[in-house]
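Me: I am new to this one. Please show me the structure, and then let me ask what the terms rest on.

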Amino acid sequence: QVQLVESGGGLVQAGGSLRLSCAASGRTFSRYNMGWFRQAPGKERMFVAAISSSGVSTYYADSVKGRFTISRDNGKSTLYLQMNSLKPEDTATYYCVVLKGWPREADLTAWGQGTQVTVSS
């Protein structure tokens, strides 16, 4: 099983940027398709972005397309999410996940603790 630790969240003004990181340990990171999900208070977890095991293919939710970029460094076993032009509606706890189905099906047995992103207007 892969262990996941997210970092990089914080408080930012609307229009600003943040870069989230997810450090993976355990089983071979490079074997897995990976993704980011987010959960706002009182709402269900929602898909944000996905990246294939090699990093060649990516997929985004319509709400973040053109603003967010998912990437990975298999040599460092790390997943990233670059978030630009942030909006108050992006406020949520962000989780990196192993995908068991491309592009939106998360492996529910492997979630990190999440990192909080708050965007002020």
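Reply: Below, each term is set against its definition. This is a predicted model, where local features need pLDDT of at least 70, side-chain atom pairs count only at pLDDT 80 or more, and totals for chains, interfaces and linings use all residues. Residues are numbered from 1 along each chain as its sequence is written, and side-chain values use heavy atoms, leaving out hydrogens and water.

Me: How do you know that S7 and S8 pair?
Reply: Strands are DSSP runs (E, at least two residues), numbered from the N terminus. Two of them pair if DSSP finds at least two bridges between them. S7 and S8 (residues 78-83) have 6 bridges and run antiparallel, so they meet the definition. Arginine 72 is opposite leucine 79 in S8.

Me: What makes S1 and S7 edge strands?
Reply: The open sheet has 4 strands in the order S1-S3-S8-S7, with antiparallel pairing. S1 (2-7) and S7 (68-73) each pair on one side only.

Me: How do you know that S4 and S5 pair?
Reply: They share 5 bridges and run antiparallel. At least two are needed, so the pair counts.

Me: Why is S5 called mostly covered?
Reply: Buried means under 20% relative accessible area (exposed is over 50%, partly exposed in between; 1.4 Å probe, protein chains only). In S5, 5 of the 6 residues are buried.

Me: What makes a nonpolar core, and which residues touch the most other members here?
Reply: A nonpolar core is a set of buried Ala, Val, Leu, Ile, Met, Phe, Trp, Tyr and Cys residues joined through side-chain atoms within 4.5 Å. The largest has 35 residues, and Trp36, Leu79, Leu81, Met83 and Tyr94 touch the most other members. S9 gives the most to this core, with 6 residues.

Me: How do you know that S9 and S10 pair?
Reply: S9 (residues 92-101) and S10 (residues 105-111) are joined by 3 bridges and run antiparallel. The definition asks for at least two, so they pair. Valine 97 has tryptophan 111 as its bridge partner in S10. The two strands form a hairpin with 3 residues between them.
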